[in-house]
Amino acid sequence: MKIKEAEFVTSNTDVEKCPEPKIPEYAFIGRSNVGKSSLINAFTGKTKLAKTSSTPGKTQLINHFIINNEWYLCDLPGYGYAQVSKTEREKFMRMVKKYLASRENLMCTFVLVDIRHEPLKNDLDFMAWMGEKELPFAIIFTKADKLGQGKISKAVATYKRELKKQWEEFPPMFITSSEDKTGVNDLRSYIGEINEYWES
């Protein structure tokens, strides 16, 4: 799948005000500072589509973009940002979970994790919640350009060992880098295949 057009649609905190769920939708979420905005920009080929910042926690709204006038990309607030109050973090997560549980056209949620780090509790807890709600998700490992191939394989193996404690099957996994575009075409192809299923 080629990305020909990518346009901002709307930002809000109210799930009821999200665009009409008439076309497929894919959400991107992860801990603050995981490189979500940079990956979205690399994925779409639009360098300023999602706002990037040196300050983690920039995304605080449900942001919708329309891609190729065929499907929605949803950029969700990050979680785990220490400089946002606990009350604010809880408010964001209530908003996000309401969106994820009620958005009927949501085909897959991409959970981004920094491949340089050991499996983190809030990532694993979030994935467990997705599983409990039977919501489809995939894992995107970001910042792969920061590691050599051997360390990448080791990091993924470590993650799989941790997931195996709770999961019988692994979700789809993608190794990516917004810097050198690793994995970008794999993500595009994955979404393209699901969109074909929607259309059929």
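Predicted model: local features only at pLDDT ≥ 70, side-chain atom pairs only at ≥ 80, totals over all residues.
Let me begin with the cysteines. A disulfide is a covalent bond between the sulfur atoms of two cysteines. How many disulfides does a search of the whole structure find? The search finds 0. Consider C18, for which the closest cysteine sulfur belongs to C74. The two sulfurs are 6.2 Å apart, and that is too far for a bond, since a disulfide requires the pair to lie within 2.5 Å. C74, in turn, is in no disulfide, and its nearest cysteine sulfur is that of C18. Both residues are shielded from the surface: C18 is buried at 8% relative accessibility, and C74 is buried at 0%.

I turn now to the backbone. Most residues other than glycine have a negative phi. N69 is not a glycine, yet its phi is positive, at about 55°. This residue sits in the loop between β3 (62–67) and β4 (71–75), and N69 is exposed, with 60% relative accessibility. K181 also has a positive phi without being a glycine, in this case about 70°. Its place is the loop between β7 (173–175) and α5.

Finally, the surface charge. Which residues gather in a patch of negative charge? They are E70, E193, E196 and E199. Of these, E199 belongs to helix α5, which covers residues 184–199. E199 is exposed, and its relative accessible area is 61%.

Note on methods. Residues numbered from 1 in each chain as written. Heavy atoms only, no water. Patch = residues over 30% accessible without salt bridge, like charges linked within 9 Å, V, L, I, M, F, W, Y side chains within 5 Å. Areas by Shrake-Rupley, 256 points an atom, 1.4 Å probe, with all protein chains shown as cover. Salt bridge = Lys/Arg side-chain N within 4 Å of Asp/Glu carboxyl O. Lys, Arg positive; Asp, Glu negative; His and termini not counted. Charge placed at Lys NZ, Arg CZ, Asp CG, Glu CD. Helix = DSSP H or I, 4+ residues; strand = E, 2+ residues; numbered from the N terminus. Buried < 20%, exposed > 50% of the residue type's maximum accessible area, 1.4 Å probe, protein only.
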